[in-house]
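Here is a friendly note to read with the structure open beside you.

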Amino acid sequence: MSMIGAVSIFEEDVASVSDALMADWPRLRGARLFVTGGTGFIGRWMLEALLDADRRLSLDIKVTILTRDPAAFAAKAPHLAAHPAFRFVAGDVMTLEPTADRFTHVLHAATDASADLNLNHPTRMFDTVVTGTRRALDFAVASGAQRFFFFSSGAVYGAQPWDVTHVGEDWLGGPDPRETRNTYAEAKRAAELLCAIYAKAQGLEVVTARIFALLGPLLSLDIHFAAGNFIRDALAGRTVRVEGAGTAVRSYLYAADLTVWLWAILLRAAPGAVYNVGSQEAVSIADLARLTALTLGNAGSEILGKPDPGWNPGRYVPSTALIRSELGVAQTVDLAEAIRRTAASHGWKR
């Protein structure tokens, strides 16, 4: 690939998402969507792709996005705030109440996945996920929405056995409910159950994505994700350092692929479908540090070998055979290229 700047990388990615979904976008013609979490990393990618599709295909959509601070988001993404199809309203999913407005689809992506909140304020974490999901479900029913898209997490599987290289949707393990570090994971499980209850009792078409680790433009490099932290340190010319032994195994799906997969789920998945959304390209944290340093070319790596304090010191890698088979999606960006593109969006030059 030729040298391209940070903005053009993002524009290229968004255009590629629209192209990949060109046969699907007409299903949204005339749709009225309500989105929670639309200003977060995943939600922002979803909106950017939808904006591009609407500009190219004139879909006659209307999208209402719930956000705590519309003015702050408008300052960050003025092109989204100014688009006539998008309306940003102030509010919090924890206090969301039904309105007289009618919607065809509700996308519930609002979740605070903060490691600090999970560790130090588990009750608030649990309530945010579970109560927030119930309010979103009540809102969907009251608005007449037919389709409800729940953004869940691969954390619902709990500790993945080392001999299970890629965990599938049929895995019946789960987090240890006696361990408060599993609050986020257990809350997502409870929220999935709520979705199943509403589907049965209210006839709501619920589809669910269990999302694993991610990389891509718009990702903050200062939160608790190892891949982002490694890129941050490499960009600063610092040694890419792993505090623990680095034996935990992860995988990272690039945001453009993620966005294609998520829209495909909303638009084509059968009611009740649950899909893993992530990469099958497994890598240990130690090897990820080495790969990041090598790929970005201006920092070494160091493994300190201290005890791992993280919520999951084991494997966290999905099987995506089901979604690839049923929806025909594919991973198009490998890990090394995902690192390059994420770094380039933060100013790195190839």
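The points below start with the whole chain, go on to its sheet and helices, and end with a few single residues.

1. **What you are looking at.** Please bear in mind that this is a predicted model. The chain holds twelve helices and 13 strands. Its radius of gyration is 20 Å, close to the 20 Å that the globule rule gives for 350 residues, so the chain is as compact as a globular protein of that length. Along the principal axes, the C-alpha trace spans about 55 × 50 × 40 Å.

2. Of the 350 residues, 52% count as buried. The accessible surface of the chain comes to about 14,800 Å², and carbon and sulfur atoms make up 53% of that area. Among contacts with a separation of 6 or more, 83% come from residues 24 or more positions apart.

3. **The sheet.** In which order do the seven strands of the open sheet run? Going across, you meet β3-β2-β1-β4-β5-β6-β11, with parallel pairing. The edges are taken by β3 (86-90) and β11 (274-277); each has a single partner strand, so one side of each is left without a neighbour in the sheet. On average, neighbouring strands are turned by 20 degrees against each other, direction ignored.

4. β4 and β5 pair in the parallel sense over four bridges, and here leucine 107 stands opposite phenylalanine 149 in β5. β5 and β6 are joined in the parallel sense over seven bridges, with phenylalanine 150 opposite threonine 208 in β6. Strand β6 (residues 205-211) then pairs with β11, again in the parallel sense, over four bridges. At that pairing, isoleucine 211 faces valine 277 in β11.

5. Is β5 enclosed or open to the outside? Seven of the seven residues of β5 are buried, so the strand is largely enclosed by the rest of the structure. In a regular strand, side chains alternate between the two faces of the sheet. In β5, Arg147, Phe149, Phe151 and Ser153 point one way, while Phe148, Phe150 and Ser152 point the other way, and all of them are buried.

6. **Helices on the sheet.** Helix α2 (residues 41-57) packs on the sheet, where it touches β2 (62-67), β3, β4 (105-108), β5 (147-153) and β6. The direction of α2 makes about 150 degrees with that of β3. Helix α7 (residues 183-202) lies across β5 and β6 and runs at about 160 degrees to β5.

7. **A helix pair.** Look next at helix α8 (residues 226-235) and helix α10 (residues 285-296), whose axes come within 10 Å and cross at roughly 35 degrees. The crossing of α8 and α10 is right-handed. From α8, the residues Ala226, Ala227, Phe230, Ile231, Ala234 and Leu235 meet Ile285, Leu288, Ala289, Thr292 and Leu296 of α10.

8. **Phenylalanine 126.** This residue sits in helix α6 (residues 122-143) and counts as partly exposed, at 33% relative accessibility. Which residues does phenylalanine 126 contact, leaving aside neighbours within four places in sequence? They are Thr131, Thr183, Glu186, Ala187 and Ala190. Phenylalanine 126 and threonine 183 are 57 residues apart in sequence and 6.1 Å apart in space, C-alpha to C-alpha.

9. **Aspartate 101.** You will find aspartate 101 in the loop between β3 and β4. Its relative accessible area is 35%, which makes aspartate 101 partly exposed. Not counting residues up to four places away in sequence, aspartate 101 touches Arg87 and Ser143. The C-alpha atoms of aspartate 101 and leucine 137, 36 residues apart along the chain, are separated by 15 Å.

10. **Two residues with positive phi.** Serine 58 has phi near 50 degrees, a positive value in a residue other than glycine. Serine 58 lies in the loop between α2 and β2 and counts as exposed at 53% relative accessibility. Leucine 218, also not a glycine, has a positive phi near 85 degrees. Leucine 218 belongs to the loop between β7 (214-215) and α8, and at 34% relative accessibility leucine 218 counts as partly exposed.

Note on methods
Residues numbered from 1 in each chain as written. Predicted model: local features only at pLDDT ≥ 70, side-chain atom pairs only at ≥ 80, totals over all residues. Heavy atoms only, no water. Pairing = 2+ DSSP bridges. Axes fitted to C-alpha atoms, helices over the stretch in contact; angles between N-to-C directions. Contact = heavy atoms within 4.5 Å. Rg over C-alpha atoms; globule rule 2.2 N^0.38 Å. Buried < 20%, exposed > 50% of the residue type's maximum accessible area, 1.4 Å probe, protein only. Areas by Shrake-Rupley, 256 points an atom, 1.4 Å probe, with all protein chains shown as cover. Left-handed = near helix turned anticlockwise from the far one by under 90°.
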